[in-house]
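The exercises below are meant to be worked through with the sequence and the model side by side. Try each task before reading its solution.

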Amino acid sequence: MKKLVLPLIAGILLLSACQNSEPKKVHESKPTTEKPQQTVESKKDSNFPYQNLLAENNRSYSVLVIGENEDQSPIEEDQTIIKDVTNILSLPNIATVEKVYPKLPIENKSAYLLFDNNGMVHQSTSLKELKRYLVKNPIN
């Protein structure tokens with residue numbers, strides 16, 4: 001019993017002695033030659049009921065894809081799309097979209113809904129139509 005108690009007490013004393021009760025000082029900031037990151041305005045329209053669908057800032061779009069992609073390649077790999085789109089959300093069918101987003105004004109069971117940081121800006125039924133819109137209306 002004494003063989004267990006002595007190492008246990010020594011361990012506890014060692015651990016308690018190593019703990020520092022004083023808060024660590026914050027290191028003073030060193031001058032760096034790095035340029036500060038440019039902040040991007042991310043003002044969102046608080047009237048839009050589904051904030052998670054909006055783009056993160058005024059320099060990007062967000063897309064809601066409804067149903068299967070007609071093209072075999074994933075939309076996330078399309079350079080025309082990802083140039084201006086930062087968020088892509090896919091839902092399997094229109095019924096799911098209507099359950100999750102009942103106030104979303106969807107026309108003609110659109111397959112692609114494009115959002116900026118204020119609300120929906122475009123609806124299209126084909127990926128080609130969405131690409132044409134993005135080429136004509138680049139966000140940058």
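**Exercise 1: the overall plan**

The protein chain has a secondary structure of 4 helices and 4 strands, where helices (H or I, at least four residues) and strands (E, at least two) are DSSP runs numbered from the N terminus. This is a predicted model, in which local features need pLDDT of at least 70 and side-chain atom pairs count only at pLDDT 80 or more, while totals for chains, interfaces and linings use all residues. Residues are numbered from 1 along each chain as its sequence is written, and side-chain values use heavy atoms, with hydrogens and water left out.

Task: state in which order the elements of the protein chain run from the N terminus, and what share of its residues is buried.

Solution. Reading from the N terminus, the elements follow one another as α-β-α-β-α-β-β-α. Of the 140 residues in the protein chain, 29% are buried, buried meaning under 20% relative accessible area, exposed over 50%, and partly exposed in between (1.4 Å probe, protein chains only). The accessible surface of the chain comes to about 10,900 Å², and 54% of this belongs to carbon and sulfur atoms; such areas come from the Shrake-Rupley method with a 1.4 Å probe, and for residues only the protein chains shown count as cover. As for contacts (heavy atoms within 4.5 Å), those between residues 24 or more positions apart account for 61% of the contacts with a separation of 6 or more.

**Exercise 2: the sheet**

Task: work out the order of the strands in the open sheet, and find which strands lie at its edges.

Solution. Begin with the order, which is E2-E1-E3-E4 with mixed pairing in an open sheet of 4 strands; two strands pair if DSSP finds at least two bridges between them. The edge strands are E2 (85-91) and E4, each of which pairs on one side only. From one strand to the next the twist averages 20 degrees. In general, strands of a sheet pair through backbone hydrogen bonds, either parallel or antiparallel.

Next, follow the bridges around E3. E1 and E3 pair in the antiparallel sense over 4 bridges, with Ser-62 having Phe-115 in E3 as its bridge partner and Leu-64 standing opposite Leu-113 in E3. On to E4, which runs antiparallel to E3 and is joined to it by 4 bridges: here Leu-113 stands opposite Gln-123. E3 and E4 form a hairpin with 4 residues between them.

Finally, look at what covers the strands. H4 lies across E1, E2, E3 and E4, and runs at about 145 degrees to E4, the axes being lines fitted to C-alpha atoms, for helices over the stretch in contact, with angles from 0 to 180 degrees between N-to-C directions.

**Exercise 3: an aromatic pair**

Task: identify which residues form the aromatic pair, and in what geometry.

Solution. Rings of Phe, Tyr and Trp (its six-membered ring) pair if their centres lie within 6.5 Å, and planes under 30 degrees apart count as stacked, over 60 as edge-to-face and the rest as tilted. A search of the whole structure finds 1 aromatic pair. Tyr-50 and Tyr-101 form this edge-to-face pair, at 4.9 Å centre to centre and with 75 degrees between the planes. Tyr-50 lies in the loop between helix H1 (2-18) and E1 and Tyr-101 in the loop between helix H3 (94-100) and E3, so the pair ties together parts that are 51 residues apart in sequence. Both Tyr-50 and Tyr-101 are buried.
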